[in-house]
Protein chains: 2
Amino acid sequence: MIKILETILNKKNIRLTAMRLLVMETLSDQRSAISLSELEKSFEKSDRITLYRTLKTFQENGLVHSIDDGTGAPKYALCEEGCRCDIERDLHVHFHCKVCNETFCLPKYKIPNIELPEKFRPEEANLVVKGTCPKC
Amino acid sequence: MIKILETILNKKNIRLTAMRLLVMETLSDQRSAISLSELEKSFEKSDRITLYRTLKTFQENGLVHSIDDGTGAPKYALCEEGCRCDIERDLHVHFHCKVCNETFCLPKYKIPNIELPEKFRPEEANLVVKGTCPKC
DNA sequence: AAAAAAATGCAATTCCTGTGCATTAGTCTG
DNA sequence: CAGACTAATGCACAGGAATTGCATTTTTTT
């Protein structure tokens with residue numbers, strides 16, 4: 001994991017720091033997407049802004065994608081192998097549980113192509129399904 | 001229009017005030033959904049909180065629906081005739097233009113039904129397509 | 001080891017939602 | 001019509017989050 005991360009960051013001339021490694025580890029421990037606040041809470045001592053910028057850097061390099069599930073704060077999740085969200089943006093469906101408030105990536109469920117009225121030029125799409133998750 | 005509004009509000013024991021009428025008129029003048037801030041700007045003198053609560057009241061009574069287009073602030077649009085968003089929530093697709101920043105309702109374009117993994121119990125869905133609108 | 005570049009942490013700003021409360025306006029009843 | 005009641009309004013303020021500027025620290029390069 002560290003090696004993969006190192007390779008990717010090196011390619012883009014971005015340094016692999018302790019902070020970034022920690023954030024990466026934390027993200028890979030999650031089974032659902034987490035918000036900046038939640039990420040912050042999982043560290044004893046941390047700086048919100050640094051985390052914010054770390055996530056931004058990861059996003060820009062296609063390691064992490066952000067999900068707007070409608071809760072106000074965006075949530076972040078690691079991209080799966082082969083995820084191309086840095087190029088094409090969120091293509092898979094997200095599920096937000098209204099009970100536990102968690103948001104899950106469903107990478108195997110792609111957003112169907114919508115035929116829009118003429119002259120609308122779609123570039124990306126965001127589909128969030130809300131309801132109750134298996135656990136709740 | 002006024003009569004329809006009056007009828008609906010009367011049914012629910014909600015008063016038809018000058019403010020509410022003005023908000024209703026402003027909303028029906030829009031061809032795209034507007035945010036609270038934009039609504040506020042369209043009045044010379046207005047109180048954000050009153051507008052906020054007016055929109056909330058309208059929403060609760062199925063006159064208006066809100067759209068989370070990912071810009072941070074929810075946008076509001078009049079429901080079409082027969083819209084059942086007070087019961088089933090947003091069923092149609094929204095289009096957000098990244099150039100002019102406007103958000104359009106596409107009431108004729110419904111969100112396709114997604115087959116989710118077992119035990120996920122969907123209740124509502126939100127689909128926002130982003131790109132460039134015909135005007136831009 | 002010094003210089004340069006990048007990352008970090010702190011402070012502060014801005015924008016938005018949302019609540020409490022006093023005042024105002026509208027409705028109802030005698 | 002007047003008084004009582006209820007709902008709507010407007011102001012003040014609190015709270016949460018994104019985002020920027022800048023000084024400091026860390027890392028890399030020379």
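Visitor: How many bridges join strand 1 to strand 3 in chain B, and do they run parallel or antiparallel?
Guide: Keep in mind that this is a predicted model. To read a strand pair, look at the bridges and then at the direction. Here strand 1 (residues 34-35) and strand 3 (residues 75-78) of chain B are joined by 2 bridges and run antiparallel.

Visitor: What joins strand 2 of chain B to strand 3?
Guide: That's 4 bridges, linking strand 2 (residues 64-67) to strand 3 of chain B, again antiparallel. Look for B:I67, whose bridge partner in strand 3 is B:K75.

Visitor: Now the two chains. How many residues of chain B are in contact with chain A?
Guide: In general, the size of an interface is often given as the accessible area lost when the parts come together. Here we can count residues: 24 of chain B are in contact with 24 of chain A. On chain B's side, the elements giving two or more residues are strand 4 (92-97) and strand 6 (121-132). Strand 6 gives the most, with 12 residues. By type, chain B's side divides into 14 nonpolar, 4 polar and 6 charged residues.

Visitor: Which strand of chain A is joined to strand 6 of chain B?
Guide: Strand 6 of chain A (residues 121-132) is joined to strand 6 of chain B by 11 bridges, and the two run antiparallel.

How values were computed. Residues numbered from 1 in each chain as written. Chains lettered and ligands numbered in written order. Predicted model: local features only at pLDDT ≥ 70, side-chain atom pairs only at ≥ 80, totals over all residues. Contact = placed C-beta atoms within 7 Å. Nonpolar A, V, L, I, M, F, W, Y, C, P; charged D, E, K, R; others polar. Pairing = 2+ DSSP bridges.
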